[in-house]
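Please examine the sequence and the structure shown below before reading on. The paragraphs that follow lead through the chains one step at a time.

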Amino acid sequence: MSFDMLIQHIFNALTLGSLYGLIAIGYTMVYGILRLINFAHGDIFMISAYFVFFLITLLKLPWIVAVILAIAATAFLGVLVDRIAYRPLREAPRISALISAIGVSFFIENICLVLFSGVPKPMPRLNMLVTVIQFGNIRILPLAIFVPIISFLLVAALLWMLYKTPPGLAMRAISEDIEATRLMGVKVDRIIALTFGLGSALAAAAGIMWALRYPQIHPFMGVFPGFKAFIAAVLGGIGSVQGAMIGGLLLGFIEIMIIAFFPELSGYRDAFAFVLLIMILFVKPTGLLGEKLEDKI
Amino acid sequence: MQKKTKVILNLLLTLMLALFLRWAQGNLDGYKIQILNLIAVNAILALSLNLIYGFTGMFSLGHAGFMAIGAYVSAILIIPTAQKEIMYILEPIIWPFSVLQAPFFVSVLAGGLVAALFGLLIALPVLRLGGDYLGIATLGFAEIIRVIFTNITSVTNGALGLKGIPPYANLGWNYLWCGMTYFIITKILSSNFGNCLKAIRDDEVAAKAMGINTFKCRAISFAVGAFFAGVGGALMGSLITTIDPKMFNFQLTFNILMIVVVGGLGSITGSMVGAVVITVLLEWLRFLEGTMEIGSFVFVGIPGMRMVIFSLVLLLIIIYRREGIIGGYEFSWDSVARLFQKLKGGRVNE
């Protein structure tokens, strides 16, 4: 493989990986607090792309306004899902909430199928981001530089929030011990809602960038990115935001590089992540940065 | 009630069911017979998932994978050799799959056994996990199976799938297998081994402390569940005569999970009732997705509407009525006798 090709693959892997990472953060934060795999997270990711699509094509809003509105709407949807489908099950066995999450996931997918039909919608193009730039023989989409930068900025902002602000402190406290935090006078349900909001906002950012990179929006586009991002979260160590990002990047690199070096394996692409998952769970179930916690496994 | 009476009552019930099926085969139209068939297959699948999840507490989302294995193994065994040669157009089918043939009963059994073997194989790495991790790992397994089946073209005919599977799975076979599944699973659950499974479900640490080899019990339960999932897949393949890897997606597992949850986790009767209710509803609600004419109005069907309703039903049940529609009630002749005595106003005889 030529050097130029390798550089292009690296940029592709960075883009894909940072998008996985952004989605994975939503899984990891919710899991850290509630021990719940939020199955609907991938569908939240999907719906943000639809929001942007309709805000731009129907309401003719400028891009920046549409993106901000879509992120806000998606964050609100994430909070709503928690309020309706998960909060009534806080005291129930954990698997009940998981079944509820699967129900929400199917509901969102199919309501989108009903409302928007299964025909993929073309994402409006933002020419600035998709005109190829050429460095010698290397051809790169500006998007491939833009996506990782935005992703890292968002993660940096999230980490600042987690470690330097009172709500961030409350979130970390809840993931240690939810009852003790409640006793300290923290409004736990509000913090959990905030967690869902933040996670969904990040998923929305990822969804919009995903739709720019792979410009087809359809009701099931969130299923596989969702599963894979969850695997990235497990890989990085569930509960850890940095871990989720690292896991996402790692998964992005593994997927892109295996196919780059072994093109004959490309049919198996969707299986890599799952094989990886079973391997990690076998070797080191706590992931790369995860802490040892008995009841997690 | 005496044991002998129960045996006689059981035999009577079986006889009545057999007579009903015989009547149905001759008198009902094909669509209704198909629904009756699907009920039996779904009941098998729901019972097997209930054994794994409802009774042993292992949250498995891998059912579609086991069904795929069962369906493919059985289909390859019953499709005539000549037809196989014509069908595999992308890559010719490799030996020994090209020549293997078996009678229907054996092929279904083989489908179940291969699925059980895979169940044991993946039990080793994934059964160490608990709760939701197990769910996601088994889901991963099902996806891996699907991707592999899409790619090993010389065995499975790849994405084209297998067409023209001989439609041997009639009411007789389906209900025979359904009855065997019911019988075997209730026997397992009423044995000492079944008590071990329930103990593991309720408190694994305590079960271990009582000297139960929890890993072994869980692995056996998982393999038995996988066996019947494979059987269900094999029957379904012969019932609808066409299979392809895409069919065995997460949606299929979701439907079975829904039957189990709606019927009631850890309730055999619940799974049977759930299979009837959900299968009939799934078919009946098809009108929502097809085009209809009511008078002069043409109602254009909306794809996805059925699943919207079903996911809402699942959500409502899991949030408001976690024990399922019949609430963990188990059918037994004793309870029927008690009911009769109550209706007569007589004294209840324990």
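How many helices and how many strands make up the secondary structure of chain B? In this predicted model, chain B contains 15 helices and 2 strands. Its radius of gyration is 21 Å, close to the 20 Å that the globule rule gives for 350 residues, so chain B is as compact as a globular protein of that length. Along the principal axes, the C-alpha trace of chain B spans about 70 × 65 × 40 Å. Of the 350 residues in chain B, 45% are buried.

One pair of helices in chain B may be considered in detail. For helix 3 (residues 63-78) and helix 6 (residues 131-151) of chain B, the axes come within 7 Å and cross at roughly 35°. On the side of helix 3 of chain B, the residues that meet helix 6 are B:Ala64, B:Gly65, B:Ala68, B:Ile69 and B:Tyr72. Their counterparts in helix 6 of chain B are B:Phe141, B:Ala142, B:Ile145, B:Arg146 and B:Phe149. By class, this contact between helix 3 and helix 6 of chain B has 8 nonpolar, 1 polar and 1 charged residues.

Attention now turns to chain A. The secondary structure of chain A comprises 12 helices and 4 strands. The radius of gyration of chain A is 19 Å, close to the 19 Å given by the globule rule for 297 residues, so chain A is as compact as a globular protein of that length. The C-alpha atoms of chain A fill a box of roughly 60 × 50 × 35 Å along the principal axes. Of its 297 residues, 48% count as buried.

Is A:Leu58 buried or exposed? A:Leu58 lies in the loop between helix 2 (41-57) and helix 3 (63-86) of chain A. A:Leu58 is exposed, because it has 8 other C-beta atoms within 10 Å, and a residue counts as exposed with 12 or fewer.

Finally, the two chains touch each other. The contact takes 34 residues from chain A and 33 residues from chain B. On the side of chain A, helix 4 (94-116) and helix 12 (269-283) are the elements that give two or more residues. Helix 4 of chain A provides the largest share, 15 residues. The residues on this side of chain A divide into 26 nonpolar, 6 polar and 2 charged.

Methods: Residues numbered from 1 in each chain as written. Chains lettered and ligands numbered in written order. Predicted model: local features only at pLDDT ≥ 70, side-chain atom pairs only at ≥ 80, totals over all residues. Axes fitted to C-alpha atoms, helices over the stretch in contact; angles between N-to-C directions. Contact = placed C-beta atoms within 7 Å. Nonpolar A, V, L, I, M, F, W, Y, C, P; charged D, E, K, R; others polar. Rg over C-alpha atoms; globule rule 2.2 N^0.38 Å. Buried ≥ 20, exposed ≤ 12 C-beta atoms within 10 Å, placed from the backbone.
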